[in-house]
Every structure is written in structure tokens, then in C-alpha cells.
Amino acid sequence: MHRPDLSAPAPPTATDRVEALDALRGLALCGILPINMIAIADLPFLAGPWQGALPQWLELTAHQRFFPLFSFLFGLSTALILDGAAGRTARPWLVLLRRLLALGVLGAAHQLLQPGEALLPYAIVGLVVLLPASWLPRPVIALGGAVAIGVALTFTSGGLLLIPGLFLLGLAAARYGLHHQIAAPNRAAWTAVLAGAVVAAVPLLRIQVDTIENSGFDQVSSTAGLVMAVGYASALVLLTASPVGPWVSSVLAPLGRLALTNYLSATLLVLLLTMVPAFSGPGGYRVLLPFAAAILVVQVVASRWWMRRFRYGPVEWVLRSISWWAPVRMTPPDGGHPDVRTSLQPDGRAS
């Protein structure tokens, strides 16, 4: 972890968020939502060979595809949080420690509503893996992430066991400046990445179709998920750099800015929807996608409204305040852009 000279600490300069990262995070939330809805509503999985039914198509297009992206972005964001904290306090690791502990408490409470949710595992892996790794050189972090993913795919069916490796790769990616390359992408390079993902995904998906009854429990579906996560991410990076990029970002970035708030509120909304008789049993798949779309529309509208007025989402504000052990400014200073950060003293208190 980079440690600047803090003998004469100064408040940080204003920085802009990488909107494409927020859009990627928003995309991940969109893909995770229908899979979580299936789990929360306890909709049955369609057993047997390929029939082309919706749950099977979701296995190919969504399940295990967006969770790796969200996990990778968590590791990347952790590095950005640490680097930002390093300019404001002599103990940036303490900021992250409080953040992860608070996330763990939040995740434990969320487990009561959605068993198998991601926040608690994220907090645990963050404490055990991410925090210690933040002191390591970036080549070591990258190698550790690749090895951890390779081991998880070789000896297990992936799933939650991919989190340590994905966290480390995200942390290393930030150290190598990937977020800058996402903000101003080299189109040729990202097109090559997308093409490579497509070429690799096609045979994996053919195998997954033939073994669809094992989807989610074998290495093929996990590997296909990682490859398609790369494909989805590279496609969105290219899209955000295209003429329609501002429109795409205006929809997805607000979701990503309030990722934690939207993740938790989606659980509450889905639990309310489980009271609708149509959203149960095998027939529940008929309303799954319309319900998911409705939730996302509500969240996009609410997120855009909120971010025009406040710097952080409500849950994000609580987590940030606990991280710095002091309330942080919620409204933009002097009516400025929400991305302009409040000046902080070295102890993290708002000035």
C-alpha cells in the first residue's frame, strides 16, 4: 500500500469518480438481481436435459456471470479506498478495517432476509485476504489472485471460493491503473479482449448446454461465468466510450453509485413480491423478468433523484461515516458536483 509523507498533511484535491466503473457496478447489479430473486422466492430449478426454458437460459446468461464482475470490482474499489485514505490519514488500513467490520455486521443482518447473500463473505474475505494483501507488491497480488482462481476452478465448482482470487485480481488491477484505462479505453485493446472472450465462451457454452443439469455445480459453468464476465465488462467499456455512452452511463452509473443501497433494497422489494401468488412455484418464472425490470426501473429513477441531491447513498453514507469514525458531509459543498469530496483532516473528519 502506497504511504505518502504525512509529516505535513494536506487535504486531498477534488477528484472525479470513474463513471464507467459505476456503470460496470450497475450492470453487475442488473445481472445479479434475477438470480437472487430466484433464490429468495425459492423458485424450482428445471432439472433434466436442455429444454430452452427461462431458468436454463438464465444459467447460460446470468448465473455466475455477474457475481465475478461484482467481486472483482469490490477488490478494485478497495484499492481506491485505501489509496484515497492514505492521503488523509497515517493509518489507512484502520479505515478499511472499520469498513469491513461494519460490512460484516450489515451482511450478518442481511443473511436473515437472504441466506447466501454476498456481503458477509465479502467482509470475511476482505479481512482475511484483502487487508493483508494491500501491503504486498502488485505482481505478488496479481499472481496470488490468478493462483487462487486456478485452484478454486481445479478443485471445486467455484462459487464463493472464487471471491479471494477475484478480490486480489481487482486489487492488483487498481495498482496497475486499470480504472484509468476503463475511463479512457483503448478501443482496439478492449475489442481484442471482447473477441477473445467470445471465442473462449462459445465452446464452454456448448458444453454447458449439454450438461445443463450440472450447471452451477461444475467447473465448466464457473469457467464460462468468468469468461462471460470479462466479455460483458469489455462490451460495456466499449459501449460507454461510444456515442451512446452518456445515455448508457446515465442509466447504469446511478445504480452503481448506490450499489449497496440498491442491493439491500432489492431484497426488501423481492420479499414483498413473494407475497404475490403468481410469483411462486414453476409458474413464478413467467413474472420473474417483468418483476426484475420493474425493480430496476424504480431503482434507476430513485438513484438518479438521490444523486442529484446527495453525495452518497444512505447505506453508503453510514458505511463511510463508520469507516472514518465521524459523520461525513452528505450534501455537495457549495452546491457543487456530487463527486467533489469534502476536505478532510488527517483523522478523516470533515473540515
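Trainee: In which helix is the place of Val147?
Mentor: Val147 has its place in helix α6, which covers residues 138–155; please keep in mind throughout that this is a predicted model.

Trainee: Why does Val147 count as partly exposed?
Mentor: Its relative accessibility is 48%, and since buried means under 20% and exposed means over 50%, with partly exposed in between, Val147 counts as partly exposed.

Trainee: What makes the nonpolar surface patch that includes Val147?
Mentor: The patch, of about 430 Å², is made by Leu143, Val147, Val151 and Phe155.

Trainee: Why are Arg25 and Asp22 said to be separated by about one helical turn?
Mentor: The reason is that they are 3 residues apart in helix α1.

Trainee: How many salt bridges does a search of the whole structure find?
Mentor: The search finds 2. Besides the pair in α1, Arg175 forms a salt bridge with Asp83, where the closest N and O atoms are 3.0 Å apart. This pair links distant parts of the chain, with Arg175 in helix α7 (residues 163–175) and Asp83 in helix α3 (residues 67–86), 92 residues apart.

Trainee: What labels do Arg175 and Asp83 receive for accessibility?
Mentor: Arg175, with a relative accessible area of 11%, is buried, whereas Asp83, at 30%, counts as partly exposed, because 30% falls between the limits of 20% and 50%.

Trainee: What is noted about the phi of Asp42, and where is this residue found?
Mentor: Phi of Asp42 is near 55°, a positive value in a residue other than glycine, and Asp42 is found in the loop between α1 (19–41) and α2 (54–61). With a relative accessible area of 62%, Asp42 is exposed, since the label applies over 50%.

Trainee: Which segment holds Trp325, and what is its phi?
Mentor: Trp325 lies in the segment after α14 (314–324) and has a positive phi of about 55° although it is not a glycine. Its relative accessible area of 61% makes Trp325 exposed.

Trainee: What span does helix α9 reach, and what is expected?
Mentor: Helix α9 (residues 187–210) has 24 residues and reaches 35 Å from its first C-alpha to its last, close to the 34 Å expected at 1.5 Å a residue.

Trainee: Where in α9 does a kink lie?
Mentor: A kink of about 30° lies at Ala201, shortly before the proline Pro203. Ala201 is also one of the buried residues of α9, and the buried residues of this helix pack against α2, α8 (178–183) and α10 (219–240).

Terms used. Residues numbered from 1 in each chain as written. Predicted model: local features only at pLDDT ≥ 70, side-chain atom pairs only at ≥ 80, totals over all residues. Heavy atoms only, no water. Patch = residues over 30% accessible without salt bridge, like charges linked within 9 Å, V, L, I, M, F, W, Y side chains within 5 Å. Areas by Shrake-Rupley, 256 points an atom, 1.4 Å probe, with all protein chains shown as cover. Salt bridge = Lys/Arg side-chain N within 4 Å of Asp/Glu carboxyl O. Helix = DSSP H or I, 4+ residues; strand = E, 2+ residues; numbered from the N terminus. Buried < 20%, exposed > 50% of the residue type's maximum accessible area, 1.4 Å probe, protein only. Expected span 1.5 Å × (residues − 1). Bend = angle between axes of the 7 residues up to and from the residue. Contact = heavy atoms within 4.5 Å.
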